[in-house]
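Trainee: Could you take me closely through one part of this model, and then show how a few other parts are put together?

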Amino acid sequence: MKRLNKSYIISFILILLFLCVAFSHIFSNHLITGGDYSVLSKTYLQDVFEKSFYAWNDEYNLGQNNTPFMNYAPYRFLIGVVGNAIQFNGVVIERMFWWLPFFTLAFVSSFYFRRLLPIGELGFLSTFFFIFNSYTLMLLGGGQISGVGLAFAIAPLVLVTFIELVNKRVLKNSLMAGLLFAVQVMFDLRIAYVTMFAVLFYTLLNGKEVLLKNTIKNFLYIFIIPAGITLLLHAFWILPILIFKHNPVQQVGAAFNSLDAVSFFSFATFENSLALLHPNWPENIFGKVGFMRAEFLILPILAFSSLFFIRNEKNQKVKKHILFFALLGLVGAFLAKGVNEPFGGVYLWMFEHVPGFVMFRDPTKWYVLVVISYSILIPYSVWNTYIWLRSRSRFSIFNFQFSIKSKIFNAQNIFLLFVFCYLLFLIRPVFLGQLGGTFRQTEIPQEYTDLNNFLNDHSEFYRTLWIPTVQKYGLHSSQHPAIYGQEFFRTSNAQEVVKKLYDPKTKIFLQNAGVKYIILPFDSESEIFVTDRKYDDGVYLSVKKEIKNIDWLQEKKQFGKIIIYEMPNYKERFWSEEKDVAFNTRTRNPTHYQIAAKNGNLSGTIIFSEQYDHNWIAIANGEKIASQKHDTHFNSFQITKAPRTIDVYYSPQRWVEIGIIISISTLVIVLIYMIRIKRQ
Amino acid sequence: MKPQDILFILVLLFLLWKRNPTYAIVAGLGCLVVAMPLFHFWVFFTAERLVMYSSAFLLLAIVLFGFDKRK
């Protein structure tokens, strides 16, 4: 036992050392940026603190229903609370809430695999492989740590808990599984779905034990209780979705859920997924798929070698687990390749017919199953090969007898060293500094600091339109929402966005939407003005030239390559078509505004320049007034009884608040119950 | 149907006749080993096929083990 503890401590230190080398930039005092990573600016953190639990997001475009994206709200709120306590220091926050929890969860979580298979002193190899493989590294490099990354890190823990629940169906395990699953759902719904897929798979493989005897009781413990806890803990966003029959899939649009999108996003081939080689490894440039690297095929060889040891295994549960994880690896590889061969049609069929599968237009999320499978099978194979080699200290080649007596220089240690060096060789770009994204230290350009200061200096409400799209460091807040040009005008071409501005109707629309500034960004990250995935200054210059030809736009200010153009006569959030009517607007929160006329009483049509949603209502003198669509995009309210003030609400917010009470009550009850069970 | 596919079917039939999961594992891992140099020398078609065959053999091994376990 002492020897085991010693080996764990050594392996822990070893992994820590590798983490320090690979992620050395975490120890700097700079913000980490790259990929999808949110830049934790002070404005962003202040918004996080104040606006985590609101059903309407007013920071982007014309605003949108936020309930389908609220699963992350509790963690956002926690970030906001701590952020407020430490003066919104983003450098500390991102390390405290993203990087440290990721490594802690990945470490603890993957260590739980030891409960399922005897991997002896090689438990650390599970952790090492779980963190240092091309998929995890691309996930981190791509800046997906805050949601997908954390859900991925906790996935082994959730899976092991559920496997233990399937094997021992008691209330304590059900509650624990429910709590952990709720945490995973909070981080990312898709990874939680993938994990639940694995759980369902395991349950079906145990069909005889689980499905044929006490079926209802077993289902209650394995699925209904954990699912019930998860639903109740997430009532604050699920309840409004159910009550208002809101379809989140419709909201994201056809670009996200069409079959063409699935075909486009199926970047990995079957050999990529089976060899656990991320298709974008190592450059991580979206859509740039590299050639298959032969050396990665040793990974499935190592993983599936575990099947050789089944015959000698006496423990039936261990046998079952090896078969399960081997099958999980194959199924994961099959799904991660998406519509590519073999049997690509299966994925398309599942995308259309299996509930929830519509979330997987990017099939690489299924790599999670391959990572989990190999993280347990490879250490098992290596450990058993190690033991097998140790038991053969004597061997013969062509009748020559050899005997190895050295405690260090022996076959088993050489094999172990070979495996370790091989795994390091596969991920060498990390240590050679060849990975980009969050692996590279970048600084926020001064131009963006100046721009954000300039925009923040004007406290009144106005929107900004970014051509062609918002840059990573660009400001967006409730007071100054940012419109993503390409997304808003539904085009992928920068010049097309400018052409829209030539239309006189667009000018009127932008004025009505409250757009004060049109911004041409500086593409410091080479993500916007690109040709063949490389920065192209020609694209920037041509867009700049096209904007100059628009006579109603005045160049207001320039910060380096960032150019700000000013719109004439832009309107406020609430406005009227009648002349000389102005309002005093009090913003209580993104879902509640109070409007009063500057002179006299309110009357006529009040236009509210947030995206039209029939759930916006106005209350005037106790009477509810429904929102009507104005000018294809906006909300409007017909005021008849001339009130002095009106309140404008987003009605799903009431159910968010009821949901919060349900969620908190559930958490308290479950925790009290678990403490009681533990004491007994 | 390519010659590789015919060979694959023949091996698969042999493995089904033998019903020995160890043979299926050897065939599966063997395919991966052979695919490695082919990928290295950019003989992609055969290498890709070999990876597919390997997974079929490994799946067969798992199924055979599954039946074995039940017995």
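Mentor: In α5(A), the buried residues are A:G123, A:F124, A:L125, A:S126, A:T127, A:F128, A:F129, A:F130 and A:I131, where a residue is buried if 20 or more other C-beta atoms, placed from the backbone, lie within 10 Å of its own, exposed if 12 or fewer, and partly exposed in between. The helix, residues 123-131 of chain A, is thus mostly covered, with nine of its nine residues buried; helices (H or I, at least four residues) and strands (E, at least two) are DSSP runs, numbered from the N terminus. This is a predicted model, in which local features need pLDDT of at least 70 and side-chain atom pairs count only at pLDDT 80 or more, while totals for chains, interfaces and linings use all residues. Residues are numbered from 1 along each chain as its sequence is written, and chains are lettered from A and ligands numbered from 1 in the order in which they are written.

Turning to a pair of helices, α18 (residues 316-336) and α20 (residues 367-390) of chain A pack at an angle of about 145° with their axes 8 Å apart, the axes being lines fitted to C-alpha atoms over the stretch in contact and the angles running from 0 to 180 degrees between N-to-C directions. The contact (C-beta atoms, placed from the backbone, within 7 Å) includes A:F325 and A:G329 of α18(A) as well as A:Y374 and A:L377 of α20(A). By class, this contact has 15 nonpolar, three polar and no charged residues, with Ala, Val, Leu, Ile, Met, Phe, Trp, Tyr, Cys and Pro counted as nonpolar, Asp, Glu, Lys and Arg as charged, and the others, Gly among them, as polar.

Among the strands, β16 (residues 616-620) of chain A has a covered face made of A:W616, A:A618 and A:A620, and an uncovered one made of A:I617 and A:I619. It pairs in the antiparallel sense, over four bridges, with β20 (residues 645-650) of chain A, where A:W616 stands opposite A:Y650; two strands pair if DSSP finds at least two bridges between them. β16(A) also pairs with β17 (residues 623-626) of chain A, again antiparallel over four bridges, and A:I619 has A:K624 as its bridge partner there. These two strands form a hairpin with two residues between them, and A:N621 in the turn has a positive phi of about 50°.

Methods:
Two residues are in contact if their C-beta atoms, placed from the backbone, lie within 7 Å.
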